[in-house]
Amino acid sequence: MNLRQTGFFLLHDLVRSDLRSLYAEFHTLSRDSKERLNAISASRLEATLKHASLSIPFYRERVKPGSVALSDFPVVRKSDLRRHFEDFMSQQVRDEYTGKRKKKAYSWLEMKTGGSTGEPTTVIHGRRFREFGRAARVYCNHMSGFPVGTPYLMLWGSMNDINQMQASVQTRIFNRFMNFELLNAFRLDEASMVRHIERINSSNANHMMAYVDAAYQLAQFAQRNGIDVRPLKSVMGCAGTITTEMRNVIQEVFRCKLHNKYGSRDCGDMACECAAGGFHIFSNYVLLEIVDEQGNPLPAGVSGRILVTTLVNNDFPLIRYEIGDIGALSDEFCPCGSPFTLLQAVEGRTYEMIMDTRGSTVTPVYFRHLIGVVHNPNLFRRFQFVQHGSSSYSLKLERVSSEDSDLLNVTLGKIVEDLKHVLGNDADIHIVVSGHIGETGSGKFLYTRNEFLKRHDAEHQAAGDVR
């Protein structure tokens with residue numbers, strides 16, 4: 001254990017945090033049997049369900065008291081959280097939240113999502129869930145090759161940097177122990193990317209944590225301009241869907257393995273890819289289900305909606321929470337030996353799914369491959385495909401340069417032709433070529449967006465229709 005890691009855990013010991021023991025639990029369970037892990041998960045699930053059915057108003061009104069059957073619980077949508085926010089709280093948190101009782105120091109925390117696919121959502125992270133989440137975050141760093149104290153670069157969004165704001169003393173102390181250097185992902189113009197690459201090449205850090213779209217954009221920039229990038233030992237890709245093309249480009253440019261991490265602000269870090277390639281779900285503190293439109297479980301290898309159940313958050317339990325992502329489970333066993341359940345893939349957000357003119361769903365992976373790989377002869381940096389109506393769409397393209405206009409026109413014709421093969425010949429596709437396509441407010445870049453589906457869902461929710 002290095003000095004920074006020692007100091008990091010001592011700091012948490014001083015505030016009577018259980019981080020040290022919880023972090024050790026992740027390591028212990030990764031080497032334990034599947035039966036032992038399943039027993040712990042089942043025990044925590046049963047306790048969560050029983051507590052929720054007896055003590056949490058939202059569930060108490062909808063589930064038989066004392067129920068410990070997951071299937072008895074309804075699917076929870078983000079609209080449910082917005083409508084019944086306080087009904088998801090335990091009595092103590094509700095009293096503290098409404099000011100009836102003084103809030104304890106270092107207890108629950110109100111957490112707001114970035115709202116990248118719609119209206120932001122607010123949840124409560126209880127103290128124990130916060131500590132599990134922090135342990136999971138540190139364990140993800142370990143899985144990606146840079147345990148606490150190991151120097152790493154962080155290609156991340158920083159409004160403090162943009163607004164020239166000073167971070168809090170507590171944040172600066174934490175960052176010092178974590179030992180990272182920030183490269184601002186909100187600044188990715190050409191001059192900034194040149195500076196980022198120069199810093200990577202001169203740094204002694206051999207690892208990087210990054211918004212995956214920002215890492216992909218930086219890698220593409222280096223490729224296009226023939227800039228050599230110093231080899232790294234690992235890159236952890238976060239806050240986006242990793243396609244095969246993105247993985248290939250990032251690994252080729254940085255000459256290292258890309259580790260996929262899956263998490264969210266409302267549910268914490270839920271899965272990470274190990275060195276052997278297994279995408280492990282942290283089933284000691286979260287349960288992930290893959291279900292169809294009716295909420296029925298789907299077998300391994302079949303894509304569906306991801307439902308999350310938090311196992312250690314009695315202050316604000318989320319049970320069968322539809323987080324808004326599409327993915328699939330795997331029933332394979334990882335060569336690393338860890339018994340943690342495997343994700344096969346996370347394909348994207350619900351509102352990134354596009355529907356054809358007949359109403360069938362088309363995965364965003366198709367668009368990212370067709371437009372970003374098959375039909376991109378180095379003419380544009382990135383694109384955004386948006387569905388506006390049942391048969392109306394737009395395609396925004398961010399140009400690399402104003403040259404090769406004839407090639408661009410030919411390429412656009414091929415793109416539209418191939419898109420209509422999948423979407424339908426009656427698809428109305430409007431193309432816009434621009435110099436820049438912006439990110440969401442939380443810094444994420446969405447390659448596909450379904451404004452039609454989002455508007456349709458909002459209308460049903462406003463009418464009180466719960467799917």
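Analyst: A residue counts as buried under 20% relative accessible area, as exposed over 50%, and as partly exposed in between. Please keep in mind that this is a predicted model.

User: Which class does Val15 fall into, then?
Analyst: Val15 is partly exposed, because its relative accessibility is 45%, and that value lies between the cut-offs of 20% and 50%.

User: And where is Val15 found?
Analyst: Val15 is in the loop between helix H1 (3–14) and helix H2 (19–30).

User: Which residues make the nonpolar surface patch with Val15?
Analyst: Leu11 and Leu14 make the patch together with Val15, and its area is about 290 Å².

User: Let us change topic to helix H11. How far apart are its end C-alpha atoms?
Analyst: The end C-alpha atoms of H11 (residues 212–224) are 18 Å apart.

User: How many residues of H11 are buried?
Analyst: H11 is mostly covered, with 11 of its 13 residues buried. Among them are Tyr216, Leu218 and Phe221, and also Asp213 and Gln217.

User: Which residues other than glycine have a positive phi?
Analyst: Ala239 is one of them, with phi near 60 degrees. Arg255 is another, with phi near 50 degrees. As background, most residues other than glycine have a negative phi.

User: Where are Ala239 and Arg255 placed?
Analyst: Ala239 is in the loop between strand S6 (234–238) and helix H12 (244–254). Arg255 is in the loop between H12 and strand S7 (257–264).

User: Why do Ala239 and Arg255 count as partly exposed?
Analyst: Ala239 counts as partly exposed because its relative accessibility is 30%. Arg255 is partly exposed because its relative accessible area is 42%.

User: One last topic: is strand S13 largely enclosed or open?
Analyst: Six of the eight residues of S13 (residues 342–349) are buried, so the strand is largely enclosed by the rest of the structure.

User: In which sense does S13 pair with strand S12?
Analyst: S12 (residues 321–330) and S13 pair in the antiparallel sense, over six bridges. Within this pairing, Asp325 has Arg349 in S13 as its bridge partner.

Technical notes: Residues numbered from 1 in each chain as written. Predicted model: local features only at pLDDT ≥ 70, side-chain atom pairs only at ≥ 80, totals over all residues. Heavy atoms only, no water. Helix = DSSP H or I, 4+ residues; strand = E, 2+ residues; numbered from the N terminus. Expected span 1.5 Å × (residues − 1). Buried < 20%, exposed > 50% of the residue type's maximum accessible area, 1.4 Å probe, protein only. Patch = residues over 30% accessible without salt bridge, like charges linked within 9 Å, V, L, I, M, F, W, Y side chains within 5 Å. Areas by Shrake-Rupley, 256 points an atom, 1.4 Å probe, with all protein chains shown as cover. Salt bridge = Lys/Arg side-chain N within 4 Å of Asp/Glu carboxyl O. Pairing = 2+ DSSP bridges.
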